[in-house]
Amino acid sequence: MKQLAGALLAAFAVLQPVSAAAPTYNKDIAPILDAQCALCHRPGEVAPFSLLTYQDAAKRAALIATVTQKRFMPPWKPEPGYGSFQHERRLTDEQIALIANWAKSGAPEGNAKDKPAPPVFAEGWNAGQPDKVLTMGNGHTVPADGPDQFVCFVVPLNLEEDSYIRTTEFRPGNRRVVHHGVIYVDESGAARKLAAGSPDGSYPCFGGPRVTSTGIVAGWAPGQIQEAGDPQLSLPIKKGSDLVVQIHYHPSGKAETDTSSIGLTFGQPPTKGRTSILMVDTDIDIAPGNANYLVKTALTLPRDVEVASVFPHAHLLCKDMKIDATLPDGSVTHLVWIKDWDFNWQGGYRFAQPLHLPKGTRIDLAYTFDNSDANPRNPSHPAQRVSFGEQTTDEMAVGFIGVILPTPADVAPFQRDMRLATIERIIESGDLGALRGRIPGGGANLQRLMKTFDKNGDGKLDDAERAALMEYLKTVIR
């Protein structure tokens, strides 16, 4: 009987599933950390500690498991399935589970033979040696603590003639405090006036550059890699233009200084057109306590485009942002969806492959804001009424969409068509006051146009009157 019992127990043991061996750092975890974390978590970078060695990772195993399960790290906001982007820093569910299992198992190191070669990072300029290097200020001071700073530096290009920029690479001077940077072009000289009298050519700018810009040239955030420029898409820059560089500084716990720089390479005239679409809704009025305030705007493309990138932007109260494209056949192409917007981790996203959107495609922007006391990111307690504006306590609902056109000659007509489409949408909404600054002559001309095209004198424009006004504006807007 004892022999039979022993045989049965042995057979039963064979039928039991063999517990999988615990994952180890060398075989399972190091490849993940090297690929998705080490770009920032290494000496001299913006992250507060390094993750290049087993010792670095093992003593923080529980922390790493927690922040990856919450998807707080790595910082990648777009939802999977809503746009496919270059250099995504998103962990799979399997990778997150692997990290959790490793931490729960005591963070074993494993066999040294399984450890991958340490990652190699480019030193200096990622896009190659620049033709021109420009610095920002002469050592901007960031205090040890206190609120984050948003500073715009005016960087004169001092071009002797109209030129073509192939690559624009932002290089943070002090990665311990530089959180991100965005580069704009100012052809008007308005930014110089804002910085007049500043010892380092800067001025405060929370929501944006505070000047009318021709668009975002480039941006940088921790973990972002600057690619070599496409010679087909070099950016025309007019003589006398300035770059305006907005830098977000985050105190590190001790006083720091920063002198960041920009590396430019120049090329030949582009063979394709490059411009951007600005989607914005200024009609924002969020009552205190409203936890689900929805802002929506839309536009219809006047011609075929290739969409290269998307840069959604709002301030502190936004919690959900989505931009979709509905094609003429009714199919939907998702551009981006961020379910947990965080102003501190904003950025631009370049598609893995440009998206073709045909003429007649409608692009919809929908942002949701939480102006309740329950929102930990609300800067006002108790909550206050919030409207559109540049300040920290104001709000915005903006989407920059980078587009590529067949030739450079297509850019100006496309921009004109987009201006006319925006004006037509405003006219249809009835909010004619929003036309100020968008039509020649401003407010006085707007009143004259109303009198001219309001044929029945009822103080508003019907369908026929709006159509007539649009036909006139097409002849005066360039």
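Helices (H or I, at least four residues) and strands (E, at least two) are taken here as DSSP runs, numbered from the N terminus. The model is a predicted one, so to speak of local features a pLDDT of at least 70 is needed, side-chain atom pairs count only at pLDDT 80 or more, and totals for chains, interfaces and linings use all residues. Residues are numbered from 1 along each chain as its sequence is written, and side-chain values use heavy atoms, with hydrogens and water left out.

Contact means heavy atoms within 4.5 Å, and with neighbours within four places in sequence set aside, Val67 is in contact with Phe72 and Met73. The C-alpha atoms of Val67 and Ile96 are separated by 9.7 Å, with the two residues 29 apart along the chain. Met73, one of the contacts of Val67, is joined to Pro74 by a cis peptide bond with omega of about -10°. Pro74 itself sits in the loop between H4 and H5.

Next come the helices. Axes are lines fitted to C-alpha atoms, for helices over the stretch in contact, and angles run from 0 to 180 degrees between N-to-C directions. The axes of H4 and H5 come within 9 Å and cross at roughly 155°. Angles under 35 degrees count as roughly parallel, over 145 as roughly antiparallel, 65 to 115 as roughly perpendicular and the rest as oblique. H4 and H5 are therefore roughly antiparallel to each other. H4 passes H5 in a left-handed crossing, a label given if the near helix is turned anticlockwise from the far one by less than a right angle, with clockwise being right-handed. On the H4 side the contact is made by Ala61, Ala62, Ile64, Ala65, Thr68 and Gln69, and on the H5 side by Ile96, Ile99, Ala100, Trp102 and Ala103. Sorted by class, this contact has nine nonpolar, two polar and no charged residues. For that sorting, Ala, Val, Leu, Ile, Met, Phe, Trp, Tyr, Cys and Pro count as nonpolar, Asp, Glu, Lys and Arg as charged, and the others, Gly among them, as polar.

H5 (residues 93-104) also packs with helix H2 (residues 25-36), at an angle of about 130° and with the axes 10 Å apart. H2 and H5 are therefore oblique to each other, and their crossing is left-handed. Here Tyr25, Asp28, Ile29 and Ile32 of H2 meet Gln95, Leu98, Ile99 and Trp102 of H5. The classes in this contact are six nonpolar, one polar and one charged. In the loop between H5 and strand S1 (132-135) lies Ala107, a residue other than glycine with a positive phi, near 55°.

On to the strands. Strands of a sheet pair through backbone hydrogen bonds, either parallel or antiparallel; two strands are called paired if DSSP finds at least two bridges between them.

Six bridges join S16 (residues 318-326) to S17 in an antiparallel run, and Ile323 stands opposite Val336 in S17.

Finally, the structure holds eleven aromatic pairs. Rings of Phe, Tyr and Trp (its six-membered ring) pair if their centres lie within 6.5 Å; planes under 30 degrees apart count as stacked, over 60 as edge-to-face and the rest as tilted. Phe85 and Tyr349 form a tilted pair, 5.5 Å centre to centre with 50° between the planes. This pair links distant parts of the chain, 264 residues apart: Phe85 is in the loop between helix H4 (61-69) and H5, and Tyr349 is in strand S18.
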